[in-house]
Amino acid sequence: MLALVGESGSGKSTLGRLVLRLLEPTEGRISFDGRDLGTLSKTELRKFRRRMQLIFQDPFASLNPYMRVGSVLEEALTIHGLARSREDRQQQVGALLAMVGLSPDMADRFPHEFSGGQRQRIVIARALAVRPEFIVADEAISALDVSNQAQIMNVLLDLKRANNLTMLFITHNLAVVQNIADTVAVLYLGRLMEIGPAATIFSEPGHPYTAALLQSIPIPVVSKTRTRAVLQGDIPSPMDPPSGCVFRTRCPHSIDRCATTVPELTTIAVGRKVACIRHEELAGLLNDSMRSRRSGSPTVACASDFHPAAREVQTC
Ligand SMILES: Nc1ncnc2c1ncn2[C@@H]1O[C@H](COP(=O)(O)OP(=O)(O)O)[C@@H](O)[C@H]1O
Ligand code: SF4
Ligand SMILES: [Mg+2]
């Protein structure tokens, strides 16, 4: 699982749609399974589309309110010719609903008869109906309450393992992916600031923006003052990005050179890249700030304070 993180407006959804070729890139190349998606014919692209699915943030908006959920799932199977007969189609619909933890009897109901969490399960079932290999989950749990977030995240993780899926998990909430992502990519104003193994990014962020996002995650300790978000101001307009490093207008470590030099994404360790011209000199400082944040280790914690994907949630 690759987690794509960044504040709202950093270009995550745009990148997710580009990867699926739902948007045309103005430059660059998108490869899937060794094929350049830009060179595929319409017929070839349709075949590739079946292998890649998108799960949106708002399950209600992405389900037709006038279609029973059984028909929604049947439609996905029919479009891609994945059912041999009516009976086969209905059987697959029942199996899909069971796969996401819903009763096959629910196939006759309309979307408004389900809760938000159940609707997101239906959307996941629809994505899985066409047996994809790659899923882009764009803020797939952000609209749900904390307990539903944990449940849906667990459904996604179990299905990912069972079906050997590759997942691009897009979220503005870094805390959500802490224990589940293999790799984390940090996006700001349409540019990658940092990419690397999740474990090292969380313990030793290499970019000031990543460090600021991590500092913004609340510490789950009762009676301790929560760490305030250190990021000041809003993300600039992508129509008029700052010169040099796009993060410089909000970076506490910015120097004059940051306004004139566009930092390259540079390899700093195996599988690890950072785009900051001061990376080496700031490394110690960023690590110290993370250490001091961690030093207030939790003693008593509430269930709602844990990140939603935590498998073992304590209660107060
Ligand atoms: N690489 C880019 N260059 C210029 N504008 C971009 C780029 N990526 C995204 N945008 C614009 O930035 C805005 C926010 O993008 P969006 O993908 O919705 O961000 P997010 O999903 O992170 O909130 C949109 O108006 C989008 O058109
Ligand atoms: S290049 Fe400069 S402005 Fe950009 S992150 Fe590094 S120190 Fe901050
Ligand atoms: Mg988005």
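## A guided tour of the model

The protein has ten helices and ten strands, which are DSSP runs numbered from the N terminus: H or I of at least four residues for helices, E of at least two for strands. This is a predicted model, in which local features need pLDDT of at least 70 and side-chain atom pairs count only at pLDDT 80 or more, while totals for chains, interfaces and linings use all residues. Residues are numbered from 1 along each chain as its sequence is written, and chains are lettered from A and ligands numbered from 1 in the order in which they are written.

**Colour by confidence.** The average pLDDT (the predictor's confidence in each residue, from 0 to 100) is 86, and 89% of the residues score at least 70. Confidence is highest in β7, at 98, and lowest in helix α10 (residues 279-294), at a mean of 85. Now select residues 297-316: the pLDDT there is below 50, and this stretch has 36 contacts in the model beyond near neighbours in sequence. Two residues are in contact if their C-beta atoms, placed from the backbone, lie within 7 Å.

**Select helix α1, residues 12-19.** Lys12, Leu15, Gly16 and Val19 are buried here. A residue is buried if 20 or more other C-beta atoms lie within 10 Å of its own, exposed if 12 or fewer, and partly exposed in between. Look down the axis of α1: the buried residues fall within an arc of 100 degrees, so they line one face of the helix. That arc is taken from the directions from the helix axis to the C-beta atoms. The cover over these buried residues includes β1 (2-5), β5 (134-138), β6 (166-171) and β7 (183-188). After α1 comes Arg21, with a positive phi near 60 degrees.

**Select ligand 1.** Around it are Gly6, Ser8, Gly9, Ser10, Gly11, Lys12, Ser13, Thr14, Gly190 and Pro238; a residue is included if its C-beta atom lies within 6 Å. By class this shell has one nonpolar, eight polar and one charged. Ala, Val, Leu, Ile, Met, Phe, Trp, Tyr, Cys and Pro count as nonpolar, Asp, Glu, Lys and Arg as charged, and the others, Gly among them, as polar.

**Step to Leu189.** Leu189 is in the loop between β7 and β8 (191-197). Its phi is positive, near 50 degrees, and the residue is buried, with 21 other C-beta atoms within 10 Å.

**Select the core.** The largest nonpolar core has 71 residues, and Ile55, Leu73, Ala125, Ala137 and Val177 have the most contacts inside it. Helix α5 (residues 116-129) gives the largest share, seven residues. Such a core is a set of buried Ala, Val, Leu, Ile, Met, Phe, Trp, Tyr and Cys residues joined through C-beta atoms within 7 Å. Centre on Ala137: beyond its neighbours within four places in sequence, Ala137 contacts Ile55, Leu156, Met167, Phe169 and Ile170.

**Select ligand 2.** The residues around it are Pro208, Cys245, Phe247, Arg248, Cys251, His253, Ser254, Cys258, Pro263, Cys276, Ile277 and Arg278. Eight of them are nonpolar, two polar and two charged.

**End on Arg278.** Arg278 lies in the loop between β10 (272-274) and α10. Why is Arg278 partly exposed? Arg278 is partly exposed because 18 other C-beta atoms lie within 10 Å. Draw a distance from Arg278 to His253: their C-alpha atoms are separated by 8.4 Å, though the two are 25 residues apart along the chain.
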